[in-house]
Amino acid sequence: RPQLLSVDQFSREAVEDLFRVADMMQPIARRQKISRVLEGAVLGNLFFEASTRTRVSFGAAFCRLGGSVCDTTGFTFSSMAKGESIYDTSRVLSGYVDALVVRHPEQGSVAEFARATNIPVINGGDGPGEHPSQALLDLYTIQREFSRLGKIVDGAHIALVGDLKYGRTVHSLSKLLALYRNLRFTLISPPSLEMPTYIVEQLGRHNHVVVQTENLRAGLQGADVVYATRIQKERFADESFEGYTPEFQINQALVDAVCGPETLIMHPLPRDGRPGANDLSTDLNHDSRLAIFRQTDNGIPVRMAIFATLMGVEHQVRHSMRDASW
Ligand code: CP
């Protein structure tokens, strides 16, 4: 049954196959070509947590392939507010739509949706668990940027910064990058927000070098990719912000002092752009090393590729394309 629940289901070959489909989708994503391979299909976009990028880009990707989208946002606008179970919700919706994208605050809940239905289910983020489509578009961005710079992913130095405990994007991205060879991971966070041990051990089993540190300035030295994350305050139970001060902010002065001219600065967004916030600073907005909006743009072709592959139409896309007329 075709589903996208975790990056664990990918081999390196499967990732590269998906990226070839994403490359093919680029003219459609850039509105130069039109394809209607999903004409007549309906997507159910079920978001029980806030989202801008994932919800809208999955919806736009489906529409640009000729399909239609039904959206439900928040518990209050679904009958789960009246106590309906995930099983019943998923089972009912599978009679209405042809695929589901689900974001839910509980880890493992999207897999529960998938067990109740035969239609493709895509994990749009399950609590602190995973965000596989974000990791795929992040890795796609890294590959495209490295290709432009004449570099490859094997052997790269990746610095992951911020809330590595609850940040589901860094969980999925680390596991995907583990498929490559001889990487160096510098995991920069306060001790209370360290990467889960099972992911650190998984990186070690794949023979990658892993360094864990609280020292932001030292940790960024020599990195090919700096991937910053927002502190996931909404998932905090009893941790405080102690130890996570504005000195963790990644800003122009820090990047100029410790990063090289080809270092990629990435973030899944949203970021906290308020002055003094301990996140990726907006003063980097005009620095060409900042890849955040190239990441968001790449969300469309990658999510088109995910739909085309899960719905078995990837081989029809090329022949279905015609010129856009606007
Ligand atoms: N990166 C990401 O998941 O963004 P949204 O929360 O806006 O979907």
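The views below show a predicted model.

View 1. Helix H1 spans residues 12–29 and contains Glu-16. Ser-6 lies 10 residues from Glu-16 in sequence, and the C-alpha atoms of the two residues are 16 Å apart in space.

**View 2. Helices H1 and H5 pack against each other at an angle of about 75°.** Helix H5 comprises residues 132–149, and its axis is 11 Å from that of H1. Angles of 65 to 115 degrees count as roughly perpendicular, and H1 and H5 are therefore described in this way, as roughly perpendicular to each other. On the H1 side, the contact involves Val-15, Leu-18, Phe-19 and Ala-22; on the H5 side, it involves Leu-136, Leu-139, Tyr-140 and Gln-143. By class, seven residues in the contact of H1 with H5 are nonpolar, one is polar and none is charged.

**View 3. Strands S7 and S8 run parallel.** Strand S7 covers residues 184–188 and strand S8 covers residues 209–213. The two strands are joined by five bridges. Thr-186 has Val-211 in S8 as its bridge partner.

**View 4. A right-handed β-α-β unit is made by S7, H7 and S8.** The helix of this unit, H7, consists of residues 197–205.

Notes: Residues numbered from 1 in each chain as written. Predicted model: local features only at pLDDT ≥ 70, side-chain atom pairs only at ≥ 80, totals over all residues. Helix = DSSP H or I, 4+ residues; strand = E, 2+ residues; numbered from the N terminus. Axes fitted to C-alpha atoms, helices over the stretch in contact; angles between N-to-C directions. Parallel < 35°, antiparallel > 145°, perpendicular 65-115°, else oblique. Contact = placed C-beta atoms within 7 Å. Nonpolar A, V, L, I, M, F, W, Y, C, P; charged D, E, K, R; others polar. Pairing = 2+ DSSP bridges. Right-handed = clockwise from strand over helix to strand, strands pointing away.
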